[in-house]
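Subject: Structure for you to look at

Hello,

Please find the structure below. Have a look at it first, then read the notes under it.

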Amino acid sequence: MRNLDMAYLVLSAVLFGLGAVGLLVRRNPLVMIMCVELMLNAVNLSFVTFGVMLDDITGQVIVFFVLVVAAAEVVVGLGLVVAVVRRKPGATADDIRLLRG
Amino acid sequence: MVELLWLIPALPLAGFLVLLFFGSRIGEPVAGWLATAAVAGSFVTAVVVFLGLRDQPGDLYELTLFEWIPAGTFQVDVGFLLDPLSMTMVLFVTGVASLIHLYSIGYMHGDSRFPRFFTYLNLFVFSMLMLVLGDNLILTFLGWEGVGACSYLLISFWFEKDANASAGKKAFITNRIGDWGFMVATFAAFFAFGTVKYTEMLPDAAGLAVSTATFIGVMLFIGAIGKSAQFPLFVWLPDAMAGPTPVSALIHAATMVTAGVYLLVRVNPILAAAADWLPTLIAWVGVLTALLAATIALAQTDIKKVLAYSTVSQLGYMFLAVGSGGYSAAIFMMIAHAFYKGLLFLAAGSVIHGMHEEQDIRRMGALRKVMPITGGMFLVGWLSLAAFPPLSGFWAKDDVLAFALHKSPVLYVLGLLAALLTALYITRETMMVFFGEARWGKSVDDELAAQAAHTGPGADGADGEVVVGEQGEANAVGEATVATETASGPDHAHAAPEPVPAHGVTPHESPWVMTVPLMVLAVCAAFAGLLNLPFNDSLKFLDHWLEPVIGENQAQFETSGVKLAFELGISAFLSATGIAIGYFTYIRHRFPATFIEQKLFLHGWYIDSSISRFMGGPGQRLFELAALFDRVVIDGAVNGVGRATRGGAARLRTVQNGYVRAYALMIAVGAVVVVAFVLTQVTF
C-alpha cells in the first residue's frame, strides 16, 4: 500500500507542477484557467491520498469544498474571459494589464 | 449667588456673538447700547457674586464648566477660580469697561464701523475676564492672547491709515516676544508640577527646586514685561495710541496692560520660591521703567502720548511693588491707576473730540473755559496721578514706595524721583491743555507754521530725524516726522504746507454719554484711596481682603507713626514740588520749557529708533539667515522626506506590471519560501 500512496502523491506533485508551469508560460486565458483547474485537482488528489493514508475522512470532505469553490471560480473566470475575448478577439492574458502601477 | 459666576464672562461673549452676526443690521446707537448693557450686566453680576463670595469659606469659589483638553495626565478644564484677587480684578475691569463702553457711544458717534467697534470691545472684555478668572495657566493664556488680538484689532481700527495698521502690527509682534515667555513658563510649570491648575500648582511651589522656580518665574516675568509694556518691550504702548481713545483708556491704561502685574501677583508663591535676585530684578526693571517713561513723558507733544508714557511709568511702579514683595500695593496701585488713568484718557478723548481730532497740546490751552466738565474731571485725574493728597494716587504711590523703602533705599529714592517727574509731566500737560492762553485760534496755526518754515520740514521721514525749533520759551517745538511719532491723530507734523483753516477750531463740550463716565471715574479716582489707608491696620481693607492669596509672601514690616508721617510728608512735598515747577514753567514762564523738554526725552532716549535701526540693519540680516536656515534645513528635511517617499514609490511601482504570470510567479516563489521556512522550523 505504501508504495501506491507514494505513487499517488508523486502523480499529484507532477500534475501540480504541470499546472503551475502552464500557468506561468501560457498566455491564452482559457488555457491558464485549465492550468489552475489542474493545480486544484492535483491538490484534491493529494487530499484524498492523505485521507486514505491517515484513515481520516476529513481529507475527502475537503475535496468537496474545493470542488464547489473551483466550480464557482470557473464560472467567474470563464465569464471574464468571454467578456474580454468579445471585446478584443484573440486577446492574451498579457493584453489585459490595465491595472499596472 | 456665587453660582452666577459663569454669567460674568458669558454676557460679554453673548454681546460679542450677537454683534458679530447682527451688528451691521442693528446699526449705530443700538449696537453700542447693547454692548454697554452686556458689560454693565456683567458688572452687576460681579457685584452680586462679590456679595456671595464673602460667605464662602476662605473667600474661595471654584467652578468647573467642562473638560477642555483631556490628554492623559495633562488635563485642562474650562474652570473659573474666584478668589479675592480675581474678584477684585473682575470688579474693576467690568466697572471701568462699562463706563468706557458708555463713553464710546458718544465718542464713536458717526463712525462708519460703529457696530464693529463694539463687537471688538465686547470680545476684549470677554477675553480679559477669561484671563483673570481662568483657573489654570492655559485658560489664562487663552485670555492673554485674546486681549492681545483685540488690542491689535482695535489699535488698527482705523486701518485706512498706514501708520495705524503698523502700530497694530508693532503691538502684536512686541507682545509675541512676551507670549513666548508665557508659553515656555507654562510648559515648564507642567513639567515641574504635573499640572497647570493654580489651586493644585501654587501650594506646591514652596517645595520646588530654586533653579526650577527661578526659571518659571523669569519666563513669566518676560511674559509680563511684554504685556505690561516694561523696559525694553514698552515701545508698542505709545504707538498703540493710534487706536480710538476709548481703546487707549480701556486696553492700554486700565485693563489689558495690568495683566502682567496680575499674573505676577497670581503666581507669587513661585516668585517667593525663586532665587532672591528675581524679585530684585523685577523691582529694578519696574523702577527704571518708571523713571525712563516719566522722562519721556516730559517732552511729548501729543496729548495721548504723554498719558501713554505715563501708563508705562505707572506700570513700572506696579512692578516695583511686586518686586519689593508688596503684592497688595501693586493691586492697590492697579485699581487706583485704572480709575485715574481711565479718567485722564477719557477726558483727553473728550478734548480731542471737542477740538475736532486735534491732539497736539501746543495747539490747546485755556480749554477749561469751553469744556468745564471735562476740564474739571481732568483736574481730578491730574491731582490723582500727581499723587497729591488726599487723592487715590497719593495713597497708592505711597504704599508702593513704603515697600520699596523696605526692599532697598536706592529703589525708594529712584521711586521718589519718578514721582516728582510724574507730578511734573502731568502738570505740564494739564497746564498746556486747560490753562494759559488759548492757542487753538488762527494765530497759533500761523505761529506753528512760521516755526515749521523756520526749521524746515524734516526730510528724512524714515530714520527718526527730528528738528527742534527753539523759539519762544513756552513753545519750544519738536517737530517729529517719524512715522511712528505721528501714528495717531491728525498729521500735525506737516501742518506747515497745508492750508490753515480759516477760523481755526472752535472747541465744544462733549455730550452727556461722554461726561457721565468721566464724573463717575473722577469720584472713584478721588476716593479709591479709602480702600487701603496706611494709618491703622484696620483701615487696610485691601491688604486684609487679599490676604488669602498673597498673605504668606507679602513683605511684612511695621511702619510707625513718625516714619509713616515722614514718608507721607516727603511724597506730598515732591508732588507739590512737581506741580509747582510745572506751574512756574508753563504758566508763569519763569523757567525755559526747553530745560524740561529735552531732545533726548522727546525721542524716548532713542530706544525706539535704535530698535528700528537695528532691526532694519544687522537684525534683518540675522532674520534673513534664520529664514535661509528655515528654507534649506527645515523645509529641506520636510520636503526631502516627501521626495524620498515619492521616489521610492516610483521604483516600487514597476513591480506591479499587470502581467498575471508575473504575479503568479511571485505567489509561487512566496509559497515555496514560506513552506521552506516552515519545514526548517518544524521537527518531525
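The notes below cover the conventions, the interface and the salt bridges.

This is a predicted model, in which local features need pLDDT of at least 70, side-chain atom pairs count only at pLDDT 80 or more, and totals for chains, interfaces and linings use all residues. Residues are numbered from 1 along each chain as its sequence is written, chains are lettered from A and ligands numbered from 1 in the order in which they are written, and side-chain values use heavy atoms, with hydrogens and water left out.

Interface

Contact (heavy atoms within 4.5 Å) links 9 residues of chain B with 9 residues of chain A. The two chains bury about 890 Å² between them, 60% of it on carbon and sulfur atoms. Buried area here is the accessible area (1.4 Å probe) that two parts lose on being put together, summed over both. On the chain B side, B:Y659, B:V660 and B:R661 lose the most area to chain A, together 50% of what that side buries.

The count between chain B and chain A is 1 salt bridge, that is, a side-chain nitrogen of Lys or Arg within 4 Å of a carboxyl oxygen of Asp or Glu. It joins the side chains of A:D94 and B:R661 at 2.4 Å, N to O. Helix 27 (residues 660-681) of chain B gives the largest share of the side that touches chain A, 4 residues. Helices are DSSP runs (H or I, at least four residues), numbered from the N terminus.

Salt bridges elsewhere

Over all chains, the whole structure has 12 salt bridges. In one of them, the side chains of B:E160 and B:R113 meet at 2.9 Å, N to O. B:E160 lies in the loop between helix 5 (137-155) and helix 6 (162-193) of chain B, and B:R113 in the loop between helix 3 (84-107) and helix 4 (114-133), so the pair ties together parts that are 47 residues apart in sequence. B:E160 counts as exposed, at 57% relative accessibility, whereas B:R113 is buried, at 11%. Buried means under 20% relative accessible area, exposed over 50%, and partly exposed in between (1.4 Å probe, protein chains only).

B:E145 and B:R176 also meet in a salt bridge (2.4 Å, N to O). B:E145 lies in helix 5 and B:R176 in helix 6 of chain B, so this pair ties together parts 31 residues apart in sequence. B:R176 is partly exposed, at 32%.

Regards

Notes: Helix = DSSP H or I, 4+ residues; strand = E, 2+ residues; numbered from the N terminus.
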